[in-house]
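Subject: Handover of a structure and notes on it

Dear colleague,

Please find the structure below, together with its sequence. My notes follow it, and I would be grateful if you read them with the model open beside you.

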Amino acid sequence: MTDKELVLIAAEASRKAYAPYSGCKVGAALLARSGKVYTGCNVENASFGATVCAERTAVFKAVSEGETEFEKIAVTGTSEKGDIAFYPCGICRQVLSEFCGESFEVIVAKSKNDFTRDTLGQLLKNGFSM
Ligand code: THU
């Protein structure tokens with residue numbers, strides 16, 4: 001699966017986002033080592049802290065289906081403010097680090113043809129583990 005293909009799946013997932021408060025509709029596509037792709041979108045809540053990001057939705061869907069080994073994730077979305085690079089927030093980086101090693105790839109697409117690729121190790125230094 002190419003990065004571009006995963007970005008397109010994330011873009012499709014962003015259409016399902018429930019984001020009446022921020023107007024940011026975010027989608028994530030998480031490729032498991034099994035070859036299966038798990039999608040997620042952000043689901044906001046009137047009690048803002050109860051909001052869940054697209055990345056965590058995808059991780060929790062995957063883990064709840066029995067997957068714990070992952071290769072890469074693509075994240076993209078739309079905002080009323082124009083093209084935004086939706087880099088995973090700190091909580092999502094920590095959640096990813098529970099299952100993914102430092103070489104896990106995080107693809108963030110500002111638009112379909114404009115994306116960056118970082119390793120989780122670059123995005124999260126000294127993630128907490130026990
Ligand atoms: N959001 C995500 O779903 N993923 C990110 O990578 C960053 C932010 C969501 C959370 C919230 O619903 C909205 O975008 C604005 O922060």
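A salt bridge is a side-chain nitrogen of Lys or Arg within 4 Å of a carboxyl oxygen of Asp or Glu. Please keep in mind throughout that this is a predicted model.

Salt bridges

By this rule, the structure holds four salt bridges. Side chains of opposite charge can pair when their charged atoms come close. In one of these pairs, Asp3 and Lys72 have their closest N and O atoms 2.8 Å apart. The two residues belong to distant parts of the chain: Asp3 sits in helix α1 (residues 3-14) and Lys72 in strand β3, 69 residues apart.

Is Asp3 buried or exposed? The limit for buried is under 20% relative accessible area. Asp3 has a value of 12%, so Asp3 is buried. Lys72, at 6%, is therefore buried as well.

A further salt bridge connects Glu105 with Arg117, and here too the closest N and O atoms lie 2.8 Å apart. Glu105 belongs to strand β4 (residues 105-111) and Arg117 to strand β5, so this pair ties together parts that are 12 residues apart in sequence. Both residues count as partly exposed, Glu105 at 21% relative accessibility and Arg117 at 48%. Through salt bridges that share partners, Asp3, Lys72, Glu105 and Arg117 are joined into one network.

Glu12 and Arg15 form another salt bridge, with 3.4 Å between the closest N and O atoms. Glu12 is partly exposed, at 46% relative accessibility, whereas Arg15 is exposed, at 61%.

The sheet

Five strands make up an open sheet in the order β2-β1-β3-β4-β5, and their pairing is mixed.

Strand β1 (residues 25-32) and β2 run antiparallel and are joined by five bridges. Within this pair, Ala29 stands opposite Thr39 of β2. Helix α2 (residues 54-64) packs on the sheet and touches β1, β2 and β3 (70-78); the direction of the helix makes about 140° with that of β2.

A residue of strand β3

Thr76 lies in strand β3 and is buried, with a relative accessible area of 7%. A polar atom of the Thr76 side chain is 2.8 Å from the backbone oxygen of Ala109. Leaving aside neighbours within four places in sequence, the residues in contact with Thr76 include Val7, Ala10, Lys25, Val26, Phe86 and Ala109.

The ligand

Which residues are found around the ligand? They are Ser22, Cys24, Val26, Asn42, Glu44, Thr51, Cys53, Ala54, Glu55, Phe86, Tyr87 and Pro88. Asn42 has a polar side-chain atom 2.9 Å from an oxygen atom of the ligand. In the side chain of Glu44, an N or O atom is 2.5 Å from a ligand oxygen atom. Ala54 takes part with the backbone: a polar backbone atom lies 2.9 Å from an oxygen atom of the ligand.

Yours sincerely,
A colleague

Notes. Residues are numbered from 1 along each chain as its sequence is written. This is a predicted model: local features need pLDDT of at least 70, side-chain atom pairs count only at pLDDT 80 or more; totals for chains, interfaces and linings use all residues. Side-chain values use heavy atoms; hydrogens and water are left out. Two strands pair if DSSP finds at least two bridges between them. Helices (H or I, at least four residues) and strands (E, at least two) are DSSP runs, numbered from the N terminus. Contact means heavy atoms within 4.5 Å. Axes are lines fitted to C-alpha atoms, for helices over the stretch in contact, and angles run from 0 to 180 degrees between N-to-C directions. Buried means under 20% relative accessible area, exposed over 50%, partly exposed in between (1.4 Å probe, protein chains only). A residue is near a molecule or strand if one of its heavy atoms lies within 4 Å of it. A polar contact is a pair of N or O atoms within 3.5 Å; within protein, one must be able to donate a hydrogen and the other to accept it, and residues adjacent in sequence count only if both atoms are side-chain atoms.
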